[in-house]
Amino acid sequence: WSYSRHPNYFGEMLQWWCAWLVAYAAASGPTDLAWWATSASPLFTMHVLLNIPATGVAQANGKGLKRYYDHCPEEYARY
């Protein structure tokens, strides 16, 4: 928690970028069609988790945190 507020989402994105690195190492570089195809997955995952309000980080930061705001606002502000 000290490195990422949402470690599950961070781990998901890291996993897909690591898979992309493996594919990049196995492919012949940007001229290979498979290299471009594997770059779509981490970009799509990041888009879904970071930019779509109904999913991912926006949802985790939304109404679900209200219970912490109301219950102990000073402790949550320090967090």
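Me: Why are Trp 20 and Tyr 24 said to be separated by about one helical turn?

Reply: Trp 20 and Tyr 24 are four residues apart in helix H1, and therefore about one helical turn separates them. Helices are DSSP runs of H or I with at least four residues, strands are runs of E with at least two, and both are numbered from the N terminus. The model is predicted: local features need pLDDT of at least 70 and side-chain atom pairs count only at pLDDT 80 or more, whereas totals for chains, interfaces and linings use all residues. Residues are numbered from 1 along each chain as its sequence is written, and side-chain values use heavy atoms, with hydrogens and water left out.

Me: Why is Trp 20 called buried?

Reply: Trp 20 has a relative accessible area of 16%. Buried means under 20%, exposed over 50% and partly exposed in between (1.4 Å probe, protein chains only), so Trp 20 is buried.

Me: Why is the pair of Trp 20 and Tyr 24 called stacked?

Reply: The ring centres of Trp 20 and Tyr 24 are 5.5 Å apart and the planes stand at 25 degrees. Rings of Phe, Tyr and Trp (its six-membered ring) pair if their centres lie within 6.5 Å; planes under 30 degrees apart count as stacked, over 60 as edge-to-face and the rest as tilted. The pair is therefore stacked. Tyr 24, at 38% relative accessibility, is partly exposed.

Me: How many aromatic pairs does the structure hold, and what makes the pair of Trp 17 and Trp 20 edge-to-face or stacked?

Reply: The structure holds two aromatic pairs. In the pair of Trp 17 and Trp 20, the centres are 5.6 Å apart and the planes at 80 degrees, so this pair is edge-to-face.

Me: How do you know where the buried residues of H1 lie?

Reply: The buried residues of H1 are Met 13, Trp 20 and Ala 23. Seen down the helix axis, they fall within an arc of 80 degrees (taken from the directions from the axis to the C-beta atoms), so they line one face of H1. They pack against helix H2 (33-51). On the other side of H1, Asn 8, Val 22, Ala 25 and Ala 26 are exposed.

Me: What makes Thr 45 buried or exposed?

Reply: Thr 45, found in helix H2, has 12% relative accessibility and therefore counts as buried. Leaving aside neighbours within four places in sequence, Thr 45 is in contact (heavy atoms within 4.5 Å) with Glu 12, Met 13 and Trp 16.
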